[in-house]
Amino acid sequence: MENNLTKGQLTWLVVLRIFIGWHFLYEGMIKLLNPNWTAMAYLLDSKGWFGQMFINMAGNPGIMNSVDFLNKWALVFIGLGLLIGCFTRLSCIGGILLLLLYTMSHPALIGAEYQLPFEGSYFLIDKNLVELAALGVLFVLPSARAIGIDRYLIKILPAGFNKFII
Amino acid sequence: MEKDNKKSNPESAQGNKPRNIGRRELLKTLATVPLLGVMAYGVARTRKTKLLNRDISDVFKLSSTNAVYLQPQAGGRQIRIGLIGFGIRGNQLMRAIGFVQPSYIDTLIEAGKKNPDDTRYDEFKEQDDLNVVITGVCDIFDVYSEAAMLAGSNIHKEGTTGKFGPAPKQYRTYQELLAADDIDAVIIATPDHWHGTIAMAAARAGKHVYCEKPVTWTVPETYLLRDTIRDTGVVFQLGHQGRQTASYQKAAEIIKNNLLGHVSLIEVCTNRNTPNGAWVYPIIEGSNPQTIDWKQFEGDAARIKEYEDYMKSSKLERYMGPDERSKFSLERFFRWRCWWDYSTGLSGDLLTHEFDAVNQIMQLGIPASATSSGGVYFFKDGRTVPDVLQTTFEWPDNNITMLYSATLASSRNRGKVFMGHDASMEVSDILTLTADRDSERYAEKINQGIIPTDQPFFTYVPGQSKVDAVTSATELYFAQRGLLYTYINGKRYDTTHLHMREWLECIRQEKTPSCNIDQAFEEAMAAHMGTRAYLEGRTMYWDKTKEEIVKG
């Protein structure tokens, strides 16, 4: 598929991948380095259809620990994957799922007031969803097979990995 | 990639550049990896400037221990409780130890069905079992008395269709209840003018006492009560459940570690803005001279005499009545807090909570002087107690002033603020510290930009273990809205429940509760000084040696 990309298309896809990867990785690293970080307050502030589900999760210390652990490391690995172009498709899927969860917890609904408000004005579509859509683009146009570790991985891993992993 | 391929083809065609191809392949494979170095630099810088530099442990020494509570011991004996008074507060106290009216459970279940977010029923069911049984109840209003029996028998915490345990015995007078052998301890939730009398009688009967605040209605009975509790050795707890507020324990540690510098002024307040908040409680259906024992409501003869003696000798007759004490009145029965004839006013009802919190945090004891002013400025419904009150307590030996201000006609909250030379501390369920811009202790950190002065630099929320760094903006934002750590180990505790649990455990483990008779004595005398200062319109002083309130 990458063979059909012009140099310009490839360049911008790689730039987009780096930017999103960079964003994920830094978010993950900062949370990892702060021993007191927890998503509890964020989850307690959930609204919308799935709000109560997230609030219940925040009320259970066991679940909360797992949520914090998974969120931090998922951000780091997704970010790393996108940045160096390693298992890029899997990273895109992971990123989309994570962003979907954030959106479900904090949907940009009219009348939903959050403790930490959005920094702009949004209705339904917020920056998380824009990033989610961009990850969709990166999934269908896997630039890392040209620029990235996947360029090597695609040669050594069985073809079965191509669909959802690299 | 088309162009790429075209470019690379000639290279491979030459067939002598495998190393070049390898290098090109390697470059394309690892092209973005060097960015990790930039990322690592950024993360390291962030860590140094944002995370590590917030460390202030050199000037801010505070332990990471959380609130300590007397824990129930396994195998503790069951305590048999007698309840005296089942009005609004009596209901709340019974709920805190696990007993509510079945009809109330129905309401909670119904509310939960309508609104899944309303989890009060689940929370009540999950409340720890305190291993008590209600064996006797007493209320002078038949409706309350019947309700108390139902609540006492609702041992499975069920609604009206549920199964009940044996009903507690119903007593017409507190004397009969106190004479019962199957009662170990009593909860007193009567109007103020009965607190001291019943508490003394209970202690003399060998019953342990949990008494609602304020502990006394008159000054003379305060001495009598203290002597009686000391002589009988019963376990006494005064109902200031604020004693169990986790942030107050942390506040006491902050004061002890001198993290505020010298505290010169403390500001506390009461803010309410509803008729209910101003004690205009509903008249309950079924109340009439046949269902209310008015004679008992009037009060104990000795207390009434002490009250009348003081009021008359100080020429304060205008604050008495205006109704005859013997005249039946539903308003006076249900809204007794509005008249000095039964009440201790804002001073006894609400200032005492604030005073006790300050006393718990700073251990100041009875103030050297009290000055008050105020009046009936909003609820002109015939009440004699003020609805706006300012009281100033001073401790010249400690160079401290406490200013209490209250209005029952505005809900503007002004916090509980301890103003120190280096920082001020605002205490509620959480605690925040704001550095003073002219602080000496924090001067260096302020100059370095590590400690801000325009917003709190430290926030404590129960359950939190971090105490050595400046609170980040996000944490602060959530904490101030009470969202962080509202659950301790996944469970939210009611302070009244914890306060009563402490009393029960002290009975079992033969210990002294946090709001014991000495604390109660200080609470009562401070409140009486504030009240007398208001009534007499002059500063009242505390003679430490004679332990007496003297006029200024």
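## Helix α10 of chain B

Which residues of α10(B) are buried? In this predicted model, they are E221(B), T222(B), L225(B), R226(B), T228(B) and I229(B). These residues lie on the same side of α10(B), because they cover an arc of only 165° around the axis. An α-helix has 3.6 residues a turn, so residues three or four places apart point the same way.

The helix runs over residues 219–232 of chain B, 14 residues in total. From first C-alpha to last, α10(B) reaches 21 Å, close to the 20 Å expected at 1.5 Å a residue. Just after α10(B) comes G233(B), with a positive phi of about 75°.

## Packing and the sheet

What do the buried residues of α10(B) pack against? Their partners in chain B are α9 (192–204), β6 (236–238), α13 (301–313) and α19 (517–536).

Strand β6 of chain B belongs to an open sheet of six strands, ordered β3-β2-β1-β4-β5-β6, with parallel pairing. β6 and β3 (169–171) are its edge strands, each pairing on one side only. From one strand to the next, the twist averages 20°. Within the sheet, four bridges join β1(B) (residues 79–84) to β4(B) (residues 185–188). G82(B) has V186(B) as its bridge partner in β4(B). Helix α9(B) lies across β1, β4 and β5 (208–211) of chain B, and runs at about 165° to β5(B).

## Q52 of chain A

Q52(A) sits in helix α3 (residues 51–59) of chain A. It counts as partly exposed because it has 13 C-beta neighbours inside 10 Å. Beyond its neighbours within four places in sequence, Q52(A) is in contact with P116(B) and D117(B).

Notes: Residues numbered from 1 in each chain as written. Chains lettered and ligands numbered in written order. Predicted model: local features only at pLDDT ≥ 70, side-chain atom pairs only at ≥ 80, totals over all residues. Helix = DSSP H or I, 4+ residues; strand = E, 2+ residues; numbered from the N terminus. Expected span 1.5 Å × (residues − 1). Buried ≥ 20, exposed ≤ 12 C-beta atoms within 10 Å, placed from the backbone. Arc of directions from axis to C-beta. Contact = placed C-beta atoms within 7 Å. Pairing = 2+ DSSP bridges. Axes fitted to C-alpha atoms, helices over the stretch in contact; angles between N-to-C directions.
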